[in-house]
Amino acid sequence: AFRVTSREDGRNYCLRRLDSVRCVSHKIAGTVRDAWINAVDPATGGGGRLIDHPNLVALYRAFVSQRAVFFVHRYHPGARTLRERVADPRHGWAGAMPEAAIWSIVSQLVGLTKSVHGANLAVRTLQLNHILCASEAGQGTVPSEAGRVRVRVNCVGIPDALEFEARKPLADLQREDMLALGRIILGLATGSELGPADSADDKTLGRCEAHMDRHYSPSLRNLAMALVRGPGGNPPTIYDVASRIGTRSFDELSAVQSTLDRVDECLATEYEAGRALRLLLKLGFVNERPEFGVDGRWSETGDNYVLKLFRDYVFHQADGGGRPVMDLGHVVTALNKLDAADPERIALASRDGKNVLVVSFADVARCLENAYGELCDGSVRPSTLLGGGVIGGAGGGGRGQGPAMGMGMGGGRPPT
């Protein structure tokens, strides 16, 4: 497997190459790709694609080239497999996996399997080494005490292509998915990986059942054993399992909403940082501008002079001995009050101490908007600079190429 970068969108993807595969043709690869890409997720009411399911690693392309078959899946940086989480305590849980974590993983896998089976497909990669997991947003890089993780089933479509000519009926493949789901539950509970042969071994299943009796609830044990020991060798369908764990799904829903709250908090923090950046960019465009048109002292007169003094008030504080005062709290507070146009008054003094202005943050905000608006009205679009330069670049007032207004927003006036 390789991490590759697309020339079309610049995003990273996971590229798998399988050499010397003669049973996969261009037609087979295209058929498998189209089956997954065009599948509709029934859980969305027919309005969403299956490959966009939050617990699925999306398959984007499958093709044959240079006597090899290639599969392109979404790339999830930092994710680890469930096998690593179970086998290595450094990356997973110390001691037995908490039951809440197992129910969370089971709920996610049941939701995905239900959508896949509802789209007349089979997952076929429900194995610990093919399930990626990453910590929920807001909980850092190590699972929290409750052990909540987001799981995504990987490598979908690959078995469909490799076994296309000898594929089994869909009902049999979906039945194997349910058996694999039972083995996953047993593997998470016992800390070991079980294969198809283990699920048919009564002695192995007996040890697993005894372990779950000692450490987990009867409901989890009964679900796992029902999947691997279905009557007549037929496990319950995914719809039966979904109904059986309905009460646990409400716990998962509450946890997901809590995660969304943490994401909203992080987004709000970034939004506030963006507001401060916008103010800094406006101040940077106005302060110390060498010239504006024919006015060589534009930044030293009128409202612009107030902005120059405010810049010194925010960033150039000093003590009685002239030593700089690096007070980040003062800077953040001043910018927040400027953004809110606070009526609080402050004293702005020139560097020589001869001029002192008493203004409010609202007055400074008005001056900034007026000066910035004047610059925007007299600016040129960035596209006009492709064939030449702009006069009056920053840095000494010389002539050369300098930045135009627009802040990379297509050449128009930036949002305020």
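Mentor: Let's talk about cavities and then a helix.
Mentor: This is a predicted model, where local features need pLDDT of at least 70, side-chain atom pairs count only at pLDDT 80 or more, and totals for chains, interfaces and linings use all residues. Residues are numbered from 1 along each chain as its sequence is written, and side-chain values use heavy atoms, with hydrogens and water left out.
Trainee: How many cavities of 30 Å³ or more are there?
Mentor: The count is 1. A cavity is a set of points on a 1 Å grid over the protein atoms alone where a 1.4 Å probe fits but cannot get out.
Trainee: Which residues line the largest cavity?
Mentor: Glu272, Arg275, Ala276, Leu279, Leu335, Asn336 and Asp339; lining residues have an atom within 4 Å of a point.
Trainee: Which helix gives the largest share?
Mentor: α10, with 4 residues. Helices are DSSP runs (H or I, at least four residues), numbered from the N terminus. Both α10 (246-286) and α12 (328-339) supply at least two lining residues.
Trainee: OK, new topic. What's buried in α10?
Mentor: Glu252, Ala255, Thr259, Leu279, Lys282, Leu283, Phe285 and Val286. Buried means under 20% relative accessible area (1.4 Å probe, protein chains only).
Trainee: And what do the buried residues of α10 pack against?
Mentor: α3 (99-118), α11 (302-315), α12 and α13 (361-377).

Definitions and conventions: On a 1 Å grid over the protein atoms alone, a cavity is a set of points where a 1.4 Å probe fits but cannot get out, and a pocket is an open set with protein on both sides within 12 Å along at least five of seven lines; lining residues have an atom within 4 Å of a point. Grid points are joined across faces, edges and corners, and a volume is the space filled by probe spheres set on the points. Buried means under 20% relative accessible area, exposed over 50%, partly exposed in between (1.4 Å probe, protein chains only). Contact means heavy atoms within 4.5 Å.
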